[in-house]
Amino acid sequence: MSVVRTIFLQCPSIPHFSNSSSSPNPAAVKFTVSCCSVASPAAAVNGNVERTPHERNEVRLGLPSKGRMATDTLDLLKDCQLSVRQVNPRQYVAEIPQISNLEVWFQRPKDVVRKLVSGDLDLGIVGLDTVMEYGQGNEDLIIVHDSLDYGDCRLSLAIPKYGIFENVNSLKELAEMPQWTPERPLRIATGFTYLGPKFMKDNGLSHVTFSTADGALEAAPAMGIADAIVDLVSSGTTLRENNLKEIQGGVIVESQAVLVASRKSLIQRKGVLDITHEMLERLEAHLKAVGQFTVTANMRGSSAEEVAERVLSQPSLSGLQGPTICPVFCKRDGKVAADYFAIVICVPKKALYKSVQQLRMIGGSGVLISPLTYIFDEETPRWRQLLSNLGL
């Protein structure tokens, strides 16, 4: 249903910090807002509005539609053998053929979170900062996997390196600056209108005002329209190039990509929990295998136990739980013999060459190396934690 609403707001002019006692008259600003209601149906229960899930059979997964986060998300799913198939690149709906009854919807990250809350999506992959900013502590949102190993950044408070901030290096020092009063508060520019004010309030900074901005925040202090900014930081290079600095205690959120779900969907919608389990297992198994290699070598020995003693004497050859050792059979003089044993271990990339050296030192030869795709545990701890959080 389409709704058109006209709103009148009394908007005073932006205050100027001068000695002039005159002040401009407030201006009446008229906004005409047209919107279309697309949220899930709502029911009134005892005067309260409760959202009910859409009547649909498909499970919906929301993914970022543009940018680096979108590309990295599709790459991760592909590495987990969950390639997203999009028939038409202009369409916002796709599928993952390996998982039946799952629809993929491409949305802006903030809309993924909003539609998880409204019940229009069941699962989503976005940055943790986005979940916290637009989820605003909603208890229906539950983090299924909190570390997908991409999209790393931090939401941080940054101030100028110069002027009155030159010797300010911590949040405590910033809060204790005498300049901030009710008449002249600390001005902060940010696109995070929930997390920014919440962080300042939680840390006891009361004389603070926020202005909303979406891009090029680093220019705000130099332009004189803000004293500080709250923004996402990756390497910090952009801050440094604009003469800004982070301060001790000023990190609001350490963020990366996460798998998030609607608690209500997990409990109430058929198929969501099963699909979540499969996705979680694939993600966990792949991420655990990243940077791990299988190393296989042959070694002479009198018995598997004797070979194991030699292998375990080397610190880099213990593998995940210990080496796998089995006889290598060959035919010699018409008889089957097992003079050699095959050793199989799992080795992280950073210890790979050292492991090969140690294998050679104890008599290993014919060393074969291959990257790992998956490492499946008996059961992923995150699945047990999810069931516990759901009370299942």
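**Entry 1: strand β11 and its neighbours**

I began with strand β11 and found that β11 pairs with strand β12 (residues 208-212) in the parallel sense, over five bridges. I counted two strands as paired if DSSP finds at least two bridges between them. Helices (H or I, at least four residues) and strands (E, at least two) are DSSP runs, numbered from the N terminus.

I note that this is a predicted model, in which local features need pLDDT of at least 70 and side-chain atom pairs count only at pLDDT 80 or more, while totals for chains, interfaces and linings use all residues. Residues are numbered from 1 along each chain as its sequence is written, and side-chain values use heavy atoms, with hydrogens and water left out.

I looked up the partners within the pair: Ala189 stands opposite Ser211 in β12, and the bridge partner of Arg187 in β12 is Thr209. I then followed the chain from β11 through helix α5 (residues 195-202) to β12 and recorded a right-handed β-α-β crossover. Right-handed means that, with the strands pointing away from the viewer, the path from the first strand over the helix to the second runs clockwise.

I also found strand β13 (residues 228-233) running parallel to β11, joined to it by three bridges. Here Thr190 stands opposite Val230.

**Entry 2: burial of β11**

I checked burial next, taking buried as under 20% relative accessible area, exposed as over 50% and partly exposed as in between (1.4 Å probe, protein chains only). Five of the five residues of β11 (residues 186-190) are buried, so the strand is largely enclosed by the rest of the structure. Both faces are covered: Leu186, Ile188 and Thr190 are buried on one side, and Arg187 and Ala189 on the other.

**Entry 3: helix α12**

In helix α12 (residues 381-390) I listed Trp383, Leu386 and Leu390 as the buried residues. Seen down the axis of α12, they fall within an arc of 60°, so they line one face of the helix; the arc is that of the directions from the helix axis to the C-beta atoms. An α-helix has 3.6 residues a turn, so residues three or four places apart point the same way.

The buried residues of α12 pack against β9 (141-145), α8 (263-268) and α9 (272-289), where contact means heavy atoms within 4.5 Å. After α12 I noted Gly391, with a positive phi near 75°.

Gln136 lies in the loop between α3 (128-135) and β9 and is partly exposed, with a relative accessible area of 45%. Asp149, also not a glycine, has a positive phi of about 65° and lies in the loop between β9 and β10 (153-160).
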